[in-house]
Amino acid sequence: MTHPGNAPARPLAADRPDLPADIRLIVTDMDGTLLDDDGRIPADLWPLLERLRSRGVLFCPASGRQYASLAVQFKDAFDGTVFIAENGAFVVRDGQEISSDLLEPPFVRDVVAAARDLAADGVDIGAVVCGKRTAYVERTDPAFLAEAVKYYALLTPVNDLASVDDDIIKIALFDFGTAEHSTAPALKPFDETHQVVVSGEHWVDVMHTGTGKGAAVRRLQQELGVTPAQTMVFGDYLNDLEMLDAAEWSFAMANAHPQVIGRARYLAGSNNEHGVLHAIARVTGLTP
């Protein structure tokens, strides 16, 4: 599902006769979308969540972040919140797993070896092997760890990423350069059997085929009996593209990647302008 004519996303018209809409599910990316550039959740989100819940609307953060990281961010609104973590590879509600997509140990070893080869070739890169229990790293210098801890509240240093004993759901690679132009092309061969997704300017995620935020949103819709017409989705980067297709109320942020703006139906204000909150208020008729 894409918007008519594939025209770039546009702001909502001021005189829409179909508003407020019957929204039952709101899914938002975190970094560059709900969070401002300093990584903060807008303070007005919390009273808005109370009003959404009173109306029976399910709010769902969807992120490349670790589940533990999302749970910390939403500790004051944890009950009933569905978390789409690890770019859709791990979905949890009220502390209970809803779904997960695991990577096979031989494949994990192959990706770790490829990351080591890139580093040996001079690419400034670090790998995070994401398990259900915690995330694992070999690289432990302060510069890399400072980036990893932004997204992984549970982070465990190990000597060998290829021999981690956990259920592995994702491998994330941080490129101090531009991931879309360096690391992602080098990992392209893995895309034949799995998914290689650019999830940020510096991050590339490798996941099981069929895994993604879009697939997770569609599973939620089926489980809850929610239609695309009752779903709002917000995103800013390439790993958000497929979940935009799952909602008729799909929003690209004003600061979004051009492909996201080209894929969404509507344009929200930027993350620093709290565009998610303003769009929710506009479509649902609710305010914080």
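Q: What makes the 101 residues a nonpolar core, and which of them touch the most other members?
A: In this predicted model, Val 128, Trp 249 and Phe 251 touch the most other members of the largest nonpolar core, which has 101 residues. The name applies because such a core is a set of buried Ala, Val, Leu, Ile, Met, Phe, Trp, Tyr and Cys residues joined through side-chain atoms within 4.5 Å. Helix H4, residues 105-120, supplies the largest share of this core, seven residues, where helices (H or I, at least four residues) and strands (E, at least two) are DSSP runs numbered from the N terminus.

Q: Why is Ser 270 called buried?
A: Its relative accessible area is 14%, and buried means under 20%, exposed over 50% and partly exposed in between (1.4 Å probe, protein chains only), so Ser 270 counts as buried. Ser 270 lies in the loop between strand S14 (266-268) and helix H10 (275-284), and, leaving aside neighbours within four places in sequence, is in contact (heavy atoms within 4.5 Å) with Met 253, Ala 254, Asn 255 and Gly 275.

Q: How do you know that Asp 31 and Arg 65 form a salt bridge?
A: Their side chains come to 2.8 Å, N to O, and the term asks for a side-chain nitrogen of Lys or Arg within 4 Å of a carboxyl oxygen of Asp or Glu, so the pair qualifies. The two residues are 34 apart in the chain, with Asp 31 in helix H1 (residues 30-34) and Arg 65 in the loop between strand S2 (58-61) and helix H3 (67-73).

Q: Why is Asp 31 called partly exposed, and what makes Arg 65 buried?
A: Asp 31 has a relative accessible area of 25% and is therefore partly exposed, whereas Arg 65, at 6% relative accessibility, counts as buried.

Q: What makes Arg 263 and Asp 245 a salt bridge?
A: The closest N and O atoms of Arg 263 and Asp 245 are 2.9 Å apart, so the pair meets the definition. This pair links distant parts of the chain, Arg 263 being in helix H9 (residues 258-263) and Asp 245 in the loop between helix H8 (241-244) and strand S13 (249-253).

How values were computed. Residues numbered from 1 in each chain as written. Predicted model: local features only at pLDDT ≥ 70, side-chain atom pairs only at ≥ 80, totals over all residues. Heavy atoms only, no water.
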